[in-house]
Amino acid sequence: MKTDATPPAAMSESAPILPAPLDTAIAAQLAARGRWSPFEILFWLGAVSTIWLLPDHHLILTEIVIWGLFALSLDLILGYAGIVSLGHAAFFGVGAYTAGLLARHALIGEPVVALLVAGLAGGAFGFLTSFLVLRGTDLTRLMVTLGVALLLREVANRMAWLTGGADGLQGITMQPVLGLFRFDLYGHTAYVYSLVVLFVLFLLARRIVGSPFGLSLLAIKGNPLRAGAIGIGAGPRIVAVYTLAAVYAAIAGALLTQTTAFTSLESLSFDRSADVLLVLIIGGTGHLYGGLIGAVVFRFAQDWLSAATPQYWQFWIGLILVVIVLVGRDRIGGWLAPLRRAGDRLVPWRGGRDGGRP
Amino acid sequence: MLTILFDGIAYGMLLFVLAAGLAVTLGLMNFVNLAHGAFAMAGGYAALVLVNRLGLPFVVGLVGAFVFAAALGALLERTLYVHVYAKSHLDQVLFTIGLVFMAVATVDYTMGSSQQFIAIPPALQGQVTVLGVGMSKYRLMIIAVCGLITLLLQLGLTRTRFGSRLRAAVDDQRVARGLGINVGAVFGFTFAFGSGLAGLGGALGAEILGLDPIFPLKYMIYVLIVVTVGGTSSITGPFLAALLLGIADVAGKYYVPQLGAFVIYTIMIVVLILRPHGLFARGGAR
Amino acid sequence: MIPVLETRNLEKHFGGIVASSQVSLSVARGARHALIGPNGAGKTTLVNMLTGVLAPSSGEIRLDGEDITRLPPHRRVRRGIARTFQINQLFADLNPVEALGLAISERLGTGTHWWRRPGSRPEVVAEIAALLDRFGLADVRGVRTAALPYGKQRLLEIALAFACRPRVLLLDEPAAGVPEAERHEILAAVAGLPADVAVLLIEHDMDIVFTFADRITVLVNGQIFVDGPPDAVARDPRVKAVYLGESRDGRAP
């Protein structure tokens, strides 16, 4: 620690016994960043209420939760650290296969523990590959992430003795969650289980992105040159958030395996990486809810569009992507801005909007 | 051994023709066009319709493939792509993936999802033996045609007025604009021409690569490897990268089939990490 | 006494172009040192080498006698070199409180805390307040940086660098492009920097240079041309001929 530069004179002059008004205002302004808005509370109350209100839709709701978690994990690297990835399914797949193998060979029967182990496996893989995305342009990152995912899919395909290859990993039987709650045919247990996992991980992510660490990620994303010039070393932080995102993605993958008792090469495919990007883009990047809202829209759109034209769902995904880009992502992602503003009016969610007024 | 080398060269040359257009779009406008393979597919199916359904000669099919893909490229470039040039790489990727998905579904709907082959004339079937090495006539034809195209491309870029304008625009867009070069028009034409080449590659390659609706997804990575490994600063870089890739892929699949595409992907990642501007880029990695 | 910042035979080549050649510069502790020279003289190249944005082709950079030539930018900041940029390099989406909070947390080593809420440490809050006061940013503390008036953005540039509590502060044309009416605010902020911080100022405006500096280095074609106290530099006929003569004939005091 340096000691040879004395604190600025103004500081000792204004160092008061009681906090100065400016200090209080600043503390309040910073604290407001982390405050829950009514919009957020309503969102989660709404999500919880579906446990009782929509009991017939728990299977599709479980899928939505898993997509939401997966997209949330992509938001951590894309929305907060500005790293584009075309291979995020790699981590999803690692989690999916880890959970599947643990259950199939009865290595770890209890789903929650298995979920954590799958998350760790994904995290380890994320940590190792994070060094590949440290440097380079968007294009090299795209290619490298895509390459890693393709490589992993190829490995899984070749190791058919372990993964079941193109047929997928079959014969998985799941034990009850915490030894108490049996998975049922209607997906009630699966839904509540997934929703709880999502909520816990969301809370953690919310806390992290609101912390000084989270703020420094935004700084690295916003202006790497200036971030370095105020002493932020980008490398270790990108490694950290990339690893964290990999853990989240792996847990999402593991949830899918556990709730459907099946996994296949599809969980590692390019389509999955592209889809999760679409889910996140629909809801907007950089505010954690984007992935969750995107998942709801995506899954219902998928349901509706595939009912209309069963085989050509892919065409509509493509069209949505093209339209989103042509119209402008900010405008599309901002479609829920009026809602957010309404929330802000009641209690400032992202504080400081009004702090500028003298 | 020599047969593998021969097959690899044919495959590599095909990849080069498929990727050449992408190298230019990426180098010129810094535009990531993941949908490049869709134009190859368009060309392939155009040839299929002309030859198999309308019974026209194979050569007409090839020309038709080029013209159709080029026209499609020109149309989409003027109507859609121009709006995306200025956007971020992420937007470009989303946009072109969207186009790929639409292309895949459209072809699936109109042409069916099974793999199809273009009827090749009897003269190109079978093998010839040169110096004791058995070579397929069709692959010989591919090498001849692609070699000719490469030569013409090289001459076109270095000897013609358009070529020098294009190179000026690739080197420095602002300076090129200052010199009175209409960069937009140069790019539009190049895009169409590159799409046409891809279409020709798609038609030529149908016999070797197969032709089905997921063609753009299957070969997207190969085409991208050619471009990223070869760099975009010259035509020789992607050409050498394509040859290497073709030979490595054929040899890999023959000698170590259990590894599959593993080797290729690994090489790509390593090259990207060590030399982000491509293996053959001028000046190399900084 | 060891100079706080010293370079020895610093060289930088871009291909065949020599941007810096044999630059041996010495900045004394607490100095008010101006770096001047015509456009393209290599001033910003030098600052970029000092701060680690560019790696020198050869030569050495020492901070308080320690070799920092190979350190990445963020480590140099921790050792005590901070800078402003000629063209604003700010966090467009953050407001001044958040940006300053980042710089302070980084200095205190709490920037990687991933569980704590920002603003929960009174000493950080107090320091943000002091910096906002000092640089006249208190009124706009909650405004997104992108929405700040240009003059305030320039002040935030200096405030961010100052928040790192540097031993050496490099100011790259701090008042560049600022409307006349807002200029005095920035010059006052520069003049009011504490005496123990050495300041290396790059500036084109000779009035500012000669009011501010106690030492002046003239850089021409990447080389140190003249180095000395202001009156000696002002009298130097070579400087007049090469530099002052071409832009502001005879206006130097």
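Reply: Leaving aside residues up to four places away in sequence, I251(A) touches L69(A), G95(A), L115(A), A118(A), G119(A), V197(A) and L201(A). Touching, or being in contact, means that the C-beta atoms of two residues, placed from the backbone, lie within 7 Å.

Me: Before we go on, what kind of model is this, and how do I read the labels?

Reply: It's a predicted model, where local features need pLDDT of at least 70 and side-chain atom pairs count only at pLDDT 80 or more, while totals for chains, interfaces and linings use all residues. Residues are numbered from 1 along each chain as its sequence is written, and chains are lettered from A and ligands numbered from 1 in the order in which they are written.

Me: OK. Which residues have the most contacts inside the largest nonpolar core?

Reply: Those are A250(A), I251(A), A19(B), V226(B) and A159(C), in a core of 283 residues. A nonpolar core here is a set of buried Ala, Val, Leu, Ile, Met, Phe, Trp, Tyr and Cys residues joined through C-beta atoms within 7 Å. Buried means 20 or more other C-beta atoms within 10 Å of the residue's own, exposed means 12 or fewer, and partly exposed is in between, with C-beta atoms placed from the backbone.

Me: Where does the largest share of this core come from?

Reply: From helix α1 (residues 2-29) of chain B, which gives 18 residues.

Me: Let's do chain B then. How many helices and strands?

Reply: Chain B has 11 helices and two strands. Those are DSSP runs numbered from the N terminus: helices are H or I with at least four residues, strands are E with at least two. Along the sequence the pattern goes α-α-α-α-β-β-α-α-α-α-α-α-α.

Me: And its radius of gyration, what does that agree with?

Reply: With a compact globule: for 286 residues that would be near 19 Å, and chain B has 18 Å. The radius is taken over C-alpha atoms, and the globule rule is 2.2 Å times the number of residues to the power 0.38. The C-alpha trace of chain B spans about 55 × 45 × 35 Å along its principal axes. Of the 286 residues in chain B, 50% count as buried. Taking contacts in chain B between residues at least 6 apart in sequence, 76% join residues at least 24 apart.

Me: How do α5(B) and α6(B) cross?

Reply: The axes of α5 (residues 137-159) and α6 (residues 161-171) of chain B come within 5 Å and cross at roughly 80°. So α5(B) and α6(B) are roughly perpendicular to each other. On the α5(B) side the contact is made by G156(B), L157(B), T158(B) and R159(B), and on the α6(B) side by G163(B), L166(B) and R167(B).

Me: How are the axes and angles defined?

Reply: Axes are lines fitted to C-alpha atoms, for helices over the stretch in contact, and angles run from 0 to 180 degrees between N-to-C directions. Under 35 degrees is roughly parallel, over 145 roughly antiparallel, 65 to 115 roughly perpendicular, and the rest oblique.

Me: Switching to interfaces. Which pair of chains has the most contacts?

Reply: Chains A and C, among the two pairs that touch. Their contact takes 55 residues from chain C and 46 from chain A. On the chain C side, α4(C) gives the most, with nine residues.

Me: And how many residues of chain A are in contact with chain B?

Reply: 35 residues of chain A, against 36 of chain B. The largest share of that chain A side, 13 residues, comes from α7(A).

Me: What about chain B and chain C?

Reply: No contact joins them, and their closest C-alpha atoms lie 9 Å apart.

Me: Is F85(C) buried or exposed?

Reply: Buried, because F85(C) has 25 C-beta neighbours inside 10 Å. F85(C) sits in the loop between β7 (81-83) and α3 of chain C. Leaving out residues up to four places away in sequence, F85(C) touches E157(C) and D172(C).

Me: Which backbone angle stands out at A261(A)?

Reply: Phi, which is positive at about 55° although A261(A) is not a glycine. A261(A) is found in the loop between α12 (234-260) and α13 of chain A. With 17 C-beta neighbours inside 10 Å, A261(A) counts as partly exposed.

Me: And D64(C)?

Reply: Phi of D64(C) is near 50°, again positive in a residue other than glycine. D64(C) is in the loop between β5 (58-63) and β6 (66-67) of chain C.
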